[in-house]
Structures are given as C-alpha cells and as structure tokens.
Amino acid sequence: MNASPEKVDPLADSGLVVVDKPAGMTSHDVVGKLRRIFGTRRVGHSGTLDPMATGVLVLGVNRGTRFLPHVHADAKSYDATIRLGSATLTDDAEGEVLSTADPEQIGAVTDEAIMSGVAALTGDIMQRPASVSAVKIDGVRAHERMRRGEDVVLPERPVTVSLFDVHAIRREAEFIDVDVSVDCSAGTFIRSLARDLGAGLDVGGHVTALRRTAAGPFRIEGAKTLAELEADPAPTMSLDDACLACFPVRDVTEDEGVALSQGKWLEPIGMDGVQAARTPDGRVVALITESGKRAKTVFVARPSTM
C-alpha cells in the first residue's frame, strides 16, 4: 500500500518579504512589483519608506497581509548622510532649497559644535515631523496637503533617539557632510534630525542619503533585492517564522491548537502581552493574549476553515 501523500501546508505561499528597497521607488511601487512577481493581489507593506531611501521594507504576501497589523517593528535603524549648509522644503535633497549658508558660516562650524548638536538630539526628545511626511491631519496626509499648496506645520511629538553616532565629518567650502547611524523609535524622522541639527548650528541641514538597516527584528542582512525575488519568487520569511520573530512563544497541545483555529480561548498561564501559540508540529496556529480568565486570539494564522 502506498503511503498517503504529505498534506501540503496551506500557508506555504504566505509570509513576509523583507525587501532591500532601491532608491526612486515608493513603497506602493514595491507593492505593485511584488504583486506581479508573486502573481497575487494580496500584497501589502507594514510602513512606508521615502522614495529616496533604500533598505528594509517589510511586506506581507497572501495571508501574510493579515499579519501586517501585528508586525512588531517599532524600533528602526538607519545609516544617513546629513548635509550641513542648506535647508530644503522637504528636509532632503529632493526639495526646493530654502536657505544657503555662506562659506564663512560653514567654516565657523566646528566638529565639537556638530557633536554637541548631535548630543542634544539624542535620547527622549520632541520632534516636529517633516511637512511632506505621511502623518495625517484630519484624515489627509501632510504631503498631500503640501501638494495642494497648503502651508503645513505639524505639531511636535515625543520620540526616542537611542543612538546617534557620527562616523565621519567631510568638509567642502560650501557644505559639510556628516555620515551617521541612528537607532530610534517608530515615528522618528531622520530628515527632521538633519533639519534640526542644521538649524541648531545656524547653517541649515537636510538628508542627502538614507538607508534603513533594520525595522524591529527584520534586518538588512535578511533582505532581498527585487532582482533576487524575480529570480526566486518566495517569501523571505514564513508566517510561522515571522510570528516567532515578533512574539514570545506559548507552546500548546494539538487539541489546544484545534481550539484556537476555531477562535476558541484557552486558560491563561500568566504570560504578558501577545504570544505566538505553537503546536507540537512547530507551526504557529494563532497569536493570543491573556485577558482575565481567558487567553483569546488576536490573529488566527491557521483557521480551521483552511
């Protein structure tokens, strides 16, 4: 008698794709590219990355899109070049130049002053987002209001810059380029750090290069280029691995896994926050959280109907 064929995992084509985004593409452009590569409309991203920026962009494919609201990627890391000597409308190299410092002003900016300015922008700070950001005002994104010709000045908000390291200070007569690495909380704008550093030195500043090297547990080392995905169209991380990367594990029995797949709840065991419920076969059936006398599902990765 022939052995019965192994059951195909219904989530084999689902998961996350960590893309090394090239410059010049919007996050939506990348979504469109992946829809064509994977042959599905079910593609979305977990957060935008500026068109000029490169690096880590996390996207979901098929059922992975349902997981995106739960992606734990609050902490971000960037490499950037800040140009001191001019301010722009967009706080980056693509915007209209608003002011330019003269060579005497540039020459008066010492390395010590730059380092002092960086230190002042490190830690828990108040930051005003760039006017061309995706921050919404009464339901409309700031950059859309800017395109309409509206004057947009966003309110300051608290952010955390846990690391602001200077790697190099390169001087020209007309400007100073400062190569930096930044670790920060979600919602921090590197363009705003450049703007505020330049403003504090009275010479203006903007970003000329920006690369995201990490978003939560997703790092540039695990990212794929679009060319690599064209050659091998497969998620870079299964939905199981994504859940396990983002959340602590609660191992459950096979019967408990069946209950969770049906949206039922388990007994709490005293774990805080969201947990990835892993069955004995190593697969994640659901994300759960304890509330009172219940451990209830917040996302069912493998519903019983699949």
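Reader: Which residue in strand 18 stands opposite Ser 291?

Author: Strands here are DSSP runs (E, at least two residues; helices are H or I runs of at least four), numbered from the N terminus. In this predicted model, Ser 291 faces Arg 294 in strand 18. Local features need pLDDT of at least 70, side-chain atom pairs count only at pLDDT 80 or more, and totals for chains, interfaces and linings use all residues. Residues are numbered from 1 along each chain as its sequence is written, and side-chain values use heavy atoms, with hydrogens and water left out.

Reader: How many bridges join strand 17 to strand 18?

Author: Two strands pair if DSSP finds at least two bridges between them. Strand 17 (residues 284–291) and strand 18 (residues 294–300) run antiparallel and are joined by 6 bridges. They form a hairpin with 2 residues between them, and Gly 292 in the turn has a positive phi of about 65°.

Reader: Why is one side of strand 15 and of strand 18 left without a neighbour in the sheet?

Author: The open sheet has 4 strands in the order 15-16-17-18, with mixed pairing. Strand 15 (249–251) and strand 18 are at the edges and have a single partner strand each, so one side of each lacks a neighbour in the sheet. The twist averages 40° from one strand to the next.

Technical notes: Axes are lines fitted to C-alpha atoms, for helices over the stretch in contact, and angles run from 0 to 180 degrees between N-to-C directions.
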